[in-house]
Amino acid sequence: MLAVLALGALAPACRKEAPTFEPLKLADGTVIPAATLARGHDVYTHYCASCHGEKGDGQGPAGSGMRPPPRNFQQGLYKFGGVAAGELPTDDALKRTLRRGLHGTPMFAWDVPPADVDAVVQYLKTLSPRWKQESPGAALTLSDDPWKGRDAEAVERGRTVYHVAGKGNAGCASCHVAYLPRAELAALTESVTGRKVNLANADPYTALPRDSDYSLTVDAKGEATQFAKVLPPDFLFHRLRTVWPQGTRVEGQPYTAQAQREDLYRVMAAGVGGAAMPSWKGAIPEENLWALAYYVQSLVVMNDTGAARDLQQRLRDSKVQE
């Protein structure tokens with residue numbers, strides 16, 4: 001009993017003192033009160049530090065071996081910021097990620113009070129100097145969907161936007177996999193661009209890992225020593241981080257086909273910060289951007305189904321036959 005009491009007496013001395021904060025002035029002129037930062041620190045320590053690390057460097061004890069690795073907030077890089085890829089995110093985008101989580105990853109949706117969500121978002125800004133040097137990017141908003149009620153036409157247009165590069169198209173298949181047999185892919189490319197392509201020795205059905213700017217390991221100074229590779233998702237197989245299956249509940253609401261399509265539009269419009277996925281808003285016509293969302297959605301709804309496996313087999317067979 002005396003030993004237990006002695007340990008109890010020593011416990012307070014073992015606890016780390018909570019840091020003190022001064023108001024934080026950001027590059028856009030916003031001043032975050034010290035009390036908000038202190039509250040955010042407490043929320044971060046309770047919910048986030050085990051994966052993202054006490055210092056926000058992504059090296060928390062629970063994050064070891066996680067793929068994708070926990071975000072290193074010291075870099076000030078965010079994949080899903082609601083802004084053009086590479087710019088600092090909006091508060092709304094960060095809160096959206098906290099409320100929803102990231103599908104298919106250990107980043108769960110956190111059911112915490114809105115005031116705590118806001119506080120931890122503000123605290124994150126103490127972890128990277130970018131917030132004092134740069135303003136957040138301009139929020140990218142949804143434009144009106146020009147294909148409403150014309151789903152089949154949109155999917156057909158999106159098929160071209162996805163597979164062909166140039167002429168107002170995105171050419172997503174150059175990083176992601178293609179979903180057309182070789183002969184169809186070559187014919188479509190020639191019909192749009194006038195170029196003949198020889199796919200006899202190409203493998204358009206296997207995506208390769210791409211370099212990213214995200215740290216995997218850091219040294220004692222917090223400098224990145226190794227960077228993560230990113231595999232462009234196969235929409236018939238992989239779970240998408242900010243897109244959920246239709247019929248599930250997201251933020252307490254049924255996830256509809258329209259909500260799914262809008263989430264696809266958002267990530268395509270903004271791109272993925274720190275990765276090879278560029279911002280497509282303004283780079284291709286809006287009608288093509290929306291058509292691309294419809295086409296990718298037509299693949300996503302087949303994810304891990306018999307139809308997906310049949311298509312994948314057809315594509316594999318085309319490598320031998322064509």
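Biologist: What volume does the largest cavity have?

Modeller: This is a predicted model, and in it the largest cavity has a volume of about 60 Å³. With a threshold of 30 Å³ or more, the count comes to one cavity.

Biologist: Which residues line the largest cavity?

Modeller: The lining consists of Val-43, Tyr-47, Cys-48, Leu-98, Trp-110, Val-112, Val-117 and Val-120. Two helices, α2 (34–47) and α5 (114–124), each supply at least two residues of that lining.

Biologist: How many nonpolar, polar and charged residues does the lining of the largest cavity have?

Modeller: By class, eight are nonpolar, and there are no polar and no charged residues.

Biologist: Let us turn to aromatic rings. What describes a pair of aromatic rings?

Modeller: Two quantities describe such a pair: the distance of the centres and the angle of the planes. In this model the count comes to eleven aromatic pairs. One of them joins Tyr-44 and Tyr-123, a tilted pair with 5.4 Å centre to centre and 50° between the planes. This pair links distant parts of the chain, with Tyr-44 in helix α2 and Tyr-123 in helix α5, 79 residues apart.

Biologist: Are Tyr-44 and Tyr-123 buried or exposed?

Modeller: Both Tyr-44 and Tyr-123 are buried. A second example is the pair of Tyr-162 and Phe-235, which is edge-to-face, at 6.3 Å centre to centre and 70° between the planes.

Biologist: Why does the pair of Tyr-162 and Phe-235 tie together parts that are apart in sequence?

Modeller: Tyr-162 belongs to helix α7 (residues 151–163), whereas Phe-235 lies in the loop between β6 (224–230) and β7 (249–250), so the pair ties together parts 73 residues apart in sequence. Tyr-162 has a relative accessible area of 0% and is therefore buried. Phe-235 also counts as buried, because its relative accessibility is 8% and the cut-off for buried is under 20%.

Biologist: Which residues do ring pairs link into a cluster?

Modeller: The cluster contains Phe-21, Tyr-44, Phe-73, Tyr-78, Tyr-123 and Trp-131.

Biologist: Which ring does the charged end of Arg-71 sit over?

Modeller: The charged end of Arg-71 sits over the ring of Tyr-214, 4.2 Å from its centre. Lys-79 lies over the face of Tyr-214 as well, at 5.7 Å from the ring centre.

Biologist: Where is Arg-309 found, and why does Arg-309 count as partly exposed?

Modeller: Arg-309 is found in helix α11 (residues 306–321). Arg-309 counts as partly exposed because its relative accessibility is 44%, which falls between the limits of 20% and 50%.

Methods. Residues are numbered from 1 along each chain as its sequence is written. This is a predicted model: local features need pLDDT of at least 70, side-chain atom pairs count only at pLDDT 80 or more; totals for chains, interfaces and linings use all residues. Side-chain values use heavy atoms; hydrogens and water are left out. On a 1 Å grid over the protein atoms alone, a cavity is a set of points where a 1.4 Å probe fits but cannot get out, and a pocket is an open set with protein on both sides within 12 Å along at least five of seven lines; lining residues have an atom within 4 Å of a point. Grid points are joined across faces, edges and corners, and a volume is the space filled by probe spheres set on the points. Helices (H or I, at least four residues) and strands (E, at least two) are DSSP runs, numbered from the N terminus. Ala, Val, Leu, Ile, Met, Phe, Trp, Tyr, Cys and Pro count as nonpolar, Asp, Glu, Lys and Arg as charged, and the others, Gly among them, as polar. Buried means under 20% relative accessible area, exposed over 50%, partly exposed in between (1.4 Å probe, protein chains only). Rings of Phe, Tyr and Trp (its six-membered ring) pair if their centres lie within 6.5 Å; planes under 30 degrees apart count as stacked, over 60 as edge-to-face and the rest as tilted. A charge sits over a ring if NZ of Lys or CZ of Arg is within 6 Å of the ring centre and within 35 degrees of the ring normal.
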